[in-house]
Amino acid sequence: MSTPTTTPAPGAHDEERPPAARTATAAPKGPPNRLRGWVTRAPLLPALVFMIVVTQLPFVATLVISFFDWNALYPEARSFGGFENYQEVLSDPELRDSVVTTALLTAVVVLVSLVLGLLLALLLDRSFRGRGVVRTLLIAPFLLVPVAAALLWKHVLYNPEYGLFNGVLNWLFGEKAPQPNWVSEMPLGAVQVSLVWQWTPFMMLILLAGLQSRPADAIEAARIDGAGAWQIFRYLTLPHLRRYLELGALLGSIYIVQNFDAVFTITSGGLGTANLPYTIYQTFYQGHEYGVASAAGVLVVIGSLVIATLALRVVSSLFREEVRA
């Protein structure tokens, strides 16, 4: 006969142990872990407080001001207006025109910068003598201060009397060469060209990082199978760069939507080049309409947050793809 085995009841061993051991085992581990967590985060608290004071408090103040009918020339007439400022921003034809100008400026600069950045990245992905020097020279425009870059284009290149462009035309065609006033004849194009020159290196760096992360074995296998350079680019390189193209477009859009320096320096917002940041500047500093300018600024921030959210999703998807690879 087999003797039945008995399973000890839950907690039986705990009753056999001394009370001190049971107390030590059952002691909660939450407070020490939480204390260690606070100790780990403590060095970050000054940076968090600084970020809140510098960024969040001004935005809250701007949000509050946007609900007031507030003209700095008549401070005693200040009153709560609710959403009237937002209605004025959305119905003002000048502000609507500035929104269209901002969208056109951003779309042209981002698309052209991406195409040129892709071509330069494909060039720098090849091995040739002096590649490091060429890469440094191509990155240089992005390292310039935006105001300095705009002044360079306005006075050194665009100036109709001593600018480089008209000088080249005079050198090529002689005294009868046309001497256009680039800023007055193509104002929005002048701003777009200067921004394309400055942001193409940024796109180039992102796409070059994407090119250097391509799987070399897949490209080598395609070459062995007889695929040409165009087929490799179309079916392997371009699909691999899709996320990097999206990232460059989103990050470039975030910054170019907020661009103020080029418009202010080259055209002073005239000739149909006033974008949203410049229009907000005019409303605030020249029109003294604090409430309307604050409402327009809040709308710009909301739009930038939407674009930034999309950019963060693209970045997170890039990291997930790298982990899976």
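Reply: E246 and R242 are 4 residues apart in helix 14, so about one helical turn separates them; helices here are DSSP runs of H or I with at least four residues, numbered from the N terminus. The two form a salt bridge, their closest N and O atoms being 3.0 Å apart. A salt bridge is counted when a side-chain nitrogen of Lys or Arg is within 4 Å of a carboxyl oxygen of Asp or Glu. This is a predicted model, in which local features need pLDDT of at least 70, side-chain atom pairs count only at pLDDT 80 or more, and totals for chains, interfaces and linings use all residues. Residues are numbered from 1 along each chain as its sequence is written, and side-chain values use heavy atoms, with hydrogens and water left out.

E246 also meets R243 in a salt bridge, at 3.5 Å from N to O. R243 and E246 are 3 residues apart in helix 14, about one turn of the helix. Through shared partners, R242, R243 and E246 are joined into one network. Relative accessible area is 27% for E246, 40% for R242 and 21% for R243. Each value falls in the partly exposed class, between buried (under 20%) and exposed (over 50%), with a 1.4 Å probe and protein chains only.

The count comes to 3 salt bridges. One of them pairs R214 with D125, the closest N and O atoms being 2.6 Å apart. This pair links distant parts of the chain, 89 residues apart: R214 is in the loop between helix 11 and helix 12, and D125 is in the loop between helix 6 and helix 7. R214 is partly exposed at 21%, and D125 is partly exposed at 24%.

Notes
Helix = DSSP H or I, 4+ residues; strand = E, 2+ residues; numbered from the N terminus.
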